[in-house]
Amino acid sequence: MKLFLASKNKHKIFEFKRILAPLGIDLISEDQLESPLSEVDETGTTFEENAYLKASSALKETGLPSIADDSGLCVDFLNGEPGIYSARFAGEPVDNDKNNEKLLRLLKDVPKEGRSARFVCSIVCVFPSGDTITASGSCEGYIDFAPKGNNGFGYDPLFVSEIGSFGEISDAEKDSVSHRGKALEDFSKKITNYL
Ligand code: IMP
């Protein structure tokens, strides 16, 4: 089955393909299209709303069943921020290093017990028939005091999960505990009715 993945993020595309390929899903990404898709204004107030906006816009433009995710980091000390604003936490253009520096600055002097956080991911898949699948996952952890490792992307070097820093664990280890891994697991179960 062909599914279009509405994401420009190379790391995410790689994670989705790695997890969905064993199900026989042929994931088409934007770099395989002749012309780029329109930018989608992420005007939703939740991860799920934003994922729906991206997936339905992609369906309209490609005609293919389309899947999109929206994800981010929610830090308890910051009342859930940066949340849906994770990518642009330190402003435009998106800069992961600046986002991580800002996060460390805001949590300066906060002891380990106060640094709890979770990654959250919502996945929405929309079909030409109007059917919609929604799936979600989260991963609990805490924000480290300094970046660790070179693996992953975004806030990974600062996020410590139950099995270690996302900047240091392998791809397969990350998939087994991550928000996206869990949301994809949930999605994999729900998509079987359509395969
Ligand atoms: P999205 O592309 O609109 O979903 O924005 C997600 C943003 O949240 C990314 O740019 C990262 O800053 C952050 N994020 C989401 N998932 C991850 C992850 O697995 N590791 C690190 N950062 C992530």
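Is Cys 125 buried or exposed? Select Cys 125 and look. This residue is buried, with a relative accessible area of 0%. Keep in mind throughout that you are viewing a predicted model.

**Stop 1: the cysteines**

Next, pick Cys 139. It is buried too, with a relative accessible area of 2%. Its closest cysteine sulfur is again in Cys 121, at 11 Å, which is too far for a bond. A disulfide is a covalent bond between the sulfur atoms of two cysteines. The pair must lie within 2.5 Å to be counted here. The count of disulfides comes to zero.

**Stop 2: helix H2**

Select residues 47–62. This is helix H2, with 16 residues.

Now color the buried residues of H2: Phe 47, Asn 50, Ala 51, Lys 54, Ala 55, Ser 57, Ala 58 and Leu 59. What do the buried residues of H2 pack against? Show E1, E3 and E4, and you have the partners. Then step past the end of the helix. Gly 63 follows H2, and its phi is positive, near 75°.

**Stop 3: helix H5**

Jump to residues 179–191. Helix H5 has 13 residues. From its first C-alpha to its last it reaches 18 Å, close to the 18 Å expected at 1.5 Å a residue.

Highlight its buried residues: His 179, Arg 180, Gly 181, Ala 183, Leu 184, Phe 187, Ser 188 and Ile 191.

**Stop 4: the ligand**

How many residues are around the ligand? There are 16, and Lys 12, Phe 153, Asp 156, Lys 174 and Arg 180 come nearest.

- Ser 71: a polar backbone atom is 2.9 Å from an oxygen atom of the ligand.
- Lys 174: an N or O atom in the side chain is 2.8 Å from an oxygen atom of the ligand.
- His 179: a polar side-chain atom lies 3.1 Å from a nitrogen atom of the ligand.

Finally, show the surface. Taken alone, the ligand exposes 490 Å², and the protein buries 92% of that.

Definitions and conventions:
Residues are numbered from 1 along each chain as its sequence is written. This is a predicted model: local features need pLDDT of at least 70, side-chain atom pairs count only at pLDDT 80 or more; totals for chains, interfaces and linings use all residues. Side-chain values use heavy atoms; hydrogens and water are left out. Helices (H or I, at least four residues) and strands (E, at least two) are DSSP runs, numbered from the N terminus. The expected span of a helix is 1.5 Å times one less than its number of residues. Buried means under 20% relative accessible area, exposed over 50%, partly exposed in between (1.4 Å probe, protein chains only). A residue is near a molecule or strand if one of its heavy atoms lies within 4 Å of it. A polar contact is a pair of N or O atoms within 3.5 Å; within protein, one must be able to donate a hydrogen and the other to accept it, and residues adjacent in sequence count only if both atoms are side-chain atoms. Accessible areas come from the Shrake-Rupley method with a 1.4 Å probe; for residues, only the protein chains shown count as cover. Contact means heavy atoms within 4.5 Å.
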